[in-house]
Amino acid sequence: MKRTIAILCLLLVSRVAFAQQVSIFPAPVSMECRSGYFVFDGSNAFELHPDNTQMREAVEVFAERFGRSSGMDIQVAAKGDIVCSLSEKVDNPEGYELTVTPKKIRITASTPAGVFYALQSVRQLLPPQVESAEVAEGVAWRIPCVVVKDAPRFAYRGAMFDVCRNFFDKEFILQYIDILALHKINRFHWHLTDDQGWRIEIDRYPKLTSVGAFRDRTMLTQTVVKPRVWDNTPVGGFFTRNDVREVVEFARKRNIEVIPEIEMPGHALAALSAYPQYSCTGGPFEVDGKWGVFNDIFCPKEETFAFLQNILDEVVELFPSRYVHIGGDEAPKVRWKRCHHCQELMEREGLENETELQAWFTNRMETYLRQKGKTVIGWDEILDGDINRSAVVMSWRGYEGGMKAARRGHDVIMCPNKYLYFDYYQFDNDRGPLEKRHRIPLEKVYCFNPVPEGLDAAEQSHIMGVQANMWTEYVRTPEYAQYLLFPRLTAYSEMAWGTNGDYGAFLERLKDFEKRYEVIGINYAK
Ligand code: TNX
């Protein structure tokens with residue numbers, strides 16, 4: 001009797017200890033816990049089938065991280081106890097099976113991306129100190145025995161970050177990308193051009209950055225609030241071509257496609273400050289330090305198309321991504337209405353109004369990029385006209401844009417602002433400059449349903465996935481960006497992966513994950 005009680009107690013204790021350790025974000029599709037641990041002792045090695053460059057890259061990121069925090073080096077060898085194999089048995093290209101026993105870690109996937117994700121799960125099964133930038137002492141480097149079967153619901157799981165309204169440097173972006181990989185997010189949409197700053201170096205047009213990347217002042221109040229309060233400190237910055245290459249490569253190794261966004265025809269004031277000849281009025285303009293929507297946009301002249309195509313030629317060379325985002329949102333037609341050239345062009349092309357002219361503009365750029373093998377993405381305003389079906393629509397003003405796009409046969413990415421805009425405030429007492437907008441509490445993100453009711457099966461199949469957007473008008477520091485991003489991004493990742501369920505249980509699991517945020521150094525909202 002005593003023995004039975006003792007065994008029961010032991011079981012209970014080990015279950016509790018277990019429960020604290022075994023939590024992966026996003027939650028895997030299935031996970032069974034077994035007894036025992038796999039211990040990392042410095043003698044471990046990867047065994048790869050096949051042993052090729054892609055497979056080595058898939059394990060390298062984990063080995064680097066683990067090496068830095070544990071001091072242990074895991075090499076690839078002919079025989080090893082961490083066995084990674086490709087197999088057609090796993091059908092999702094990002095899916096994987098992970099079996100941990102006291103003797104071996106076995107990973108099976110259909111592509112190296114799945115192997116990479118299995119190792120991100122192993123990363124999360126390890127104590128949070130694995131995130132440490134230096135060797136952490138006194139840590140039990142072991143993971144519990146588990147059997148995990150996992151695969152994402154959506155192929156497109158994106159995160160957008162705006163480096164234009166406020167500049168965020170390369171170090172911040174690299175750290176963010178690594179955190180995205182931890183959450184199995186696979187696209188980084190990099191918002192690189194806007195009215196308040198042009199952030200990517202273009203060889204052919206040096207003034208885009210020498211002029212367009214800097215501004216004299218920044219508005220501290222909301223656009224609608226009077227009197228306006230300004231910070232008169234000059235600010236700016238941009239990414240060199242080498243910075244871009246480094247970010248793209250860093251992301252690629254983490255199964256993240258970096259999608260550049262070059263805004264057109266609107267949100268173009270920084271570019272027009274440098275090259276006013278591509279506006280309708282000729283300028284002059286200044287890189288603006290206030291927020292909102294500006295009337296001066298690119299003028300659909302032949303010279304402008306040449307300018308934009310030359311820029312895109314360089315962009316395409318820097319970004320191997322399948323997608324290029326060309327913006328398309330918030331483009332007022334005030335200038336086009338009063339511009340002789342635009343009116344003549346409309347007449348010639350048989351375009352009824354300026355909205356059709358924007359569609360004509362978009363289609364021209366879409367065709368140009370398609371010929372270069374790229375798929376164009378645009379904000380849902382591009383649907384206001386009849387645009388080529390090959391363009392992908394990002395639905396930000398609610399579900400409607402996405403539904404309309406799917407019905408017309410466009411592929412769609414869902415990022416409605418009332419659910420997935422992390423620049424919107426979280427708590428009732430978050431009374432910062434964001435108070436006028438919607439509140440997006442954690443639960444709203446977690447419970448978001450990306451596939452709207454009312455679409456038939458064929459239309460639903462056009463929903464490629466989701467995206468969380470981080471605009472930075474009022475976000476001036478990395479710390480504040482992180483405060484807005486976390487833990488909402490963690491909730492988002494579980495929804496994007498498709499395993500969001502009981503919100504209460506998610507909150508319980510999150511407590512453990514916060515230790516990981518702390519070791520990484522993330523300033524999360526508590
Ligand atoms: C709308 S989303 C915008 C951005 C702003 C954002 C602020 C979109 C395509 N346009 O330019 O930064 O709202 O939340």
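# Notebook: helix packing, rings and turns

I began with two helices and found that the axes of H4 and H6 come within 10 Å of each other and cross at roughly 15 degrees. That angle makes H4 roughly parallel to H6, since anything under 35 degrees counts as such. The model is a predicted one. I noted the crossing of H4 over H6 as right-handed.

Next I listed the residues that make this contact. From H4 they are Lys170, Ile173, Leu174, Ile177 and Asp178, and from H6 they are Asp243, Glu246, Val247, Phe250 and Ala251. Sorted by type, the contact of H4 with H6 has six nonpolar residues, no polar ones and four charged ones.

Helix H8 covers residues 302-318 and helix H11 covers residues 354-371; their axes lie 11 Å apart at an angle of about 40 degrees. H8 and H11 are therefore oblique to each other. H8 passes H11 in a right-handed crossing. On the H8 side I wrote down Glu302, Phe305, Leu308, Gln309, Leu312, Asp313 and Val316, which meet Trp360, Phe361, Arg364, Met365, Tyr368 and Leu369 of H11. The contact of H8 with H11 divides into nine nonpolar residues, one polar and three charged.

While in H11 I looked up Arg370, which is found in that helix. Arg370 counts as partly exposed, because its relative accessibility is 39%. Setting aside residues up to four places away in sequence, I found Arg370 touching Asn388 and Ser390. I also checked Arg370 against Cys299: the two are 71 residues apart in sequence, and their C-alpha atoms are 22 Å apart in space.

Ser390 came up again at Thr375, where it is among the contacts. Thr375 has its place in strand S18, residues 375-379. With a relative accessible area of 15%, Thr375 is buried. Leaving out neighbours within four places in sequence, the contacts of Thr375 are Arg322, Tyr323, Val324, Ser390 and Val392.

Aromatic rings were the next item. I recorded a count of 46 aromatic pairs, taking ring centres within 6.5 Å as the rule. One of them is Phe167 with Phe239: the ring centres are 5.1 Å apart and the planes stand at 50 degrees, so the pair is tilted. Phe167 sits in the loop between strand S8 (156-162) and helix H4 (170-182), and Phe239 in the loop between strand S15 (235-236) and helix H6 (241-252), so the pair ties together parts 72 residues apart in sequence.

I took a second pair for the notes. Tyr480 and Tyr483 are stacked, at 5.8 Å centre to centre with 15 degrees between the planes. Both belong to helix H16 (residues 478-485), and being three residues apart there, they are separated by about one helical turn. Tyr480 is partly exposed, with a relative accessible area of 26%.

Which residues do ring pairs link into a cluster? I listed Phe161, Phe167, Phe168, Phe172, Tyr176, Phe188, Trp190, Phe239 and Phe319.

Helix H12 (residues 400-408) got an entry of its own. Its buried residues are Gly401, Gly402, Met403, Ala405 and Ala406. These pack against strand S19 (392-395), strand S20 (412-414) and helix H15 (457-460). Just after H12, Gly409 takes a positive phi of about 100 degrees.

Last, I looked through backbone details in the loops. Lys226 and Pro227 are joined by a cis peptide bond, with omega about -5 degrees. Pro227 is in the loop between strand S13 (218-219) and strand S14 (230-231). Another cis bond runs from Met264 to Pro265, with omega near -5 degrees. I placed Pro265 in the loop between strand S16 (257-261) and helix H7 (269-274).

His267 also has its place in the loop between S16 and H7. His267 is not a glycine, yet has a positive phi of about 50 degrees. At 3% relative accessibility, His267 counts as buried. Lys184, in the loop between H4 and strand S9 (187-191), has a positive phi near 60 degrees and is likewise not a glycine. I noted Lys184 as buried, at 0% relative accessibility.

Key
Residues are numbered from 1 along each chain as its sequence is written. This is a predicted model: local features need pLDDT of at least 70, side-chain atom pairs count only at pLDDT 80 or more; totals for chains, interfaces and linings use all residues. Side-chain values use heavy atoms; hydrogens and water are left out. Axes are lines fitted to C-alpha atoms, for helices over the stretch in contact, and angles run from 0 to 180 degrees between N-to-C directions. Helices (H or I, at least four residues) and strands (E, at least two) are DSSP runs, numbered from the N terminus. Angles under 35 degrees count as roughly parallel, over 145 as roughly antiparallel, 65 to 115 as roughly perpendicular and the rest as oblique. A crossing is left-handed if the near helix is turned anticlockwise from the far one by less than a right angle, and right-handed if clockwise. Contact means heavy atoms within 4.5 Å. Ala, Val, Leu, Ile, Met, Phe, Trp, Tyr, Cys and Pro count as nonpolar, Asp, Glu, Lys and Arg as charged, and the others, Gly among them, as polar. Rings of Phe, Tyr and Trp (its six-membered ring) pair if their centres lie within 6.5 Å; planes under 30 degrees apart count as stacked, over 60 as edge-to-face and the rest as tilted. Buried means under 20% relative accessible area, exposed over 50%, partly exposed in between (1.4 Å probe, protein chains only).
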